[in-house]
Amino acid sequence: MTYFVEGISKTQDVDREVMHLGRFEKLEDAVAAAEGWVDALLMRDYMPGMKPEQLWECFKKAEELPYIFRDDADTFNVYVFDPVKYAKRRCDEMCTGTRDGI
């Protein structure tokens with residue numbers, strides 16, 4: 001099975017509705033790519049000393065969010081990854097320093 005990571009636009013601009021972010025044979029790789037996309041969005045606005053709520057407000061302005069789809073008959077979003085839940089957790093981790101590497 002193949003997994004696709006797509007950036008789904010929150011705007012109504014027809015030219016920007018979907019952006020292809022990657023194609024993966026393993027779900028774990030697709031999840032890592034989607035997480036990386038969210039991390040990049042957060043790092044764009046992150047500043048030392050920020051509170052999680054401040055970073056979350058920045059994230060809410062993101063134009064695209066990554067979703068994972070598979071190539072079989074059930075092409076719906078793969079629910080193992082929720083970009084909003086992941087971003088909320090990462091805002092807390094990044095701003096409170098509870099995860100290594102940030």
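This is a chat about the predicted model shown above.

Reader: What am I looking at, and how are residues numbered along each chain?

Author: It's a predicted model, where local features need pLDDT of at least 70, side-chain atom pairs count only at pLDDT 80 or more, and totals for chains, interfaces and linings use all residues. Residues are numbered from 1 along each chain as its sequence is written, and side-chain values use heavy atoms, with hydrogens and water left out.

Reader: How many helices and strands does the protein have?

Author: Three helices and three strands. Along the sequence the pattern reads β-β-α-α-β-α. Helices (H or I, at least four residues) and strands (E, at least two) are DSSP runs, numbered from the N terminus.

Reader: What can you tell me about helix α1?

Author: Helix α1 covers residues 27-45, which is 19 residues. From first C-alpha to last it reaches 28 Å, close to the 27 Å expected at 1.5 Å a residue. That expected span is 1.5 Å times one less than the number of residues in the helix.

Reader: Which residues in α1 are buried?

Author: A30, V31, A34, V38, D39, L41 and L42. Buried means under 20% relative accessible area, exposed over 50%, and partly exposed in between (1.4 Å probe, protein chains only).

Reader: And what covers the buried residues of α1?

Author: The cover includes β1 (3-9), β2 (18-24), α2 (52-59), β3 and α3.

Reader: OK, which residues touch the most other members in the largest nonpolar core?

Author: V38, L42, L55, F59, I68 and F81, out of 21 residues in that core. At least two core residues come from each of β1, α1, α2, β3 and α3, and α1 gives the largest share, six residues. A nonpolar core here is a set of buried Ala, Val, Leu, Ile, Met, Phe, Trp, Tyr and Cys residues joined through side-chain atoms within 4.5 Å.

Reader: You mentioned L55. What is L55 in contact with, leaving aside neighbours within four places in sequence?

Author: L42, D45, Y46, M50, C91, M94 and C95. Contact means heavy atoms within 4.5 Å.

Reader: New topic: how many salt bridges does a search of the whole structure find?

Author: Five. A salt bridge is a side-chain nitrogen of Lys or Arg within 4 Å of a carboxyl oxygen of Asp or Glu.

Reader: Which residue forms a salt bridge with R90?

Author: E93 does, with the closest N and O atoms 2.8 Å apart. R90 and E93 sit three residues apart in helix α3 (residues 83-96), so about one helical turn separates them.

Reader: Are R90 and E93 buried or exposed?

Author: Both R90 and E93 are buried. They also belong to a salt-bridge network with D39 and R89.

Reader: What about the salt bridge of K60 and E57?

Author: The side chains of K60 and E57 meet at 3.0 Å, N to O. K60 is partly exposed at 41% relative accessible area, and E57 is partly exposed at 41% too.

Reader: And how far apart are the closest N and O atoms of D45 and R44?

Author: 3.7 Å. D45 is partly exposed at 24%, whereas R44 is exposed at 54%.

Reader: Last one: how far is F69 from F4?

Author: Their C-alpha atoms are separated by 5.1 Å, though F69 and F4 are 65 residues apart along the chain. F69 is in strand β3 (residues 64-70) and counts as partly exposed, at 24% relative accessibility.
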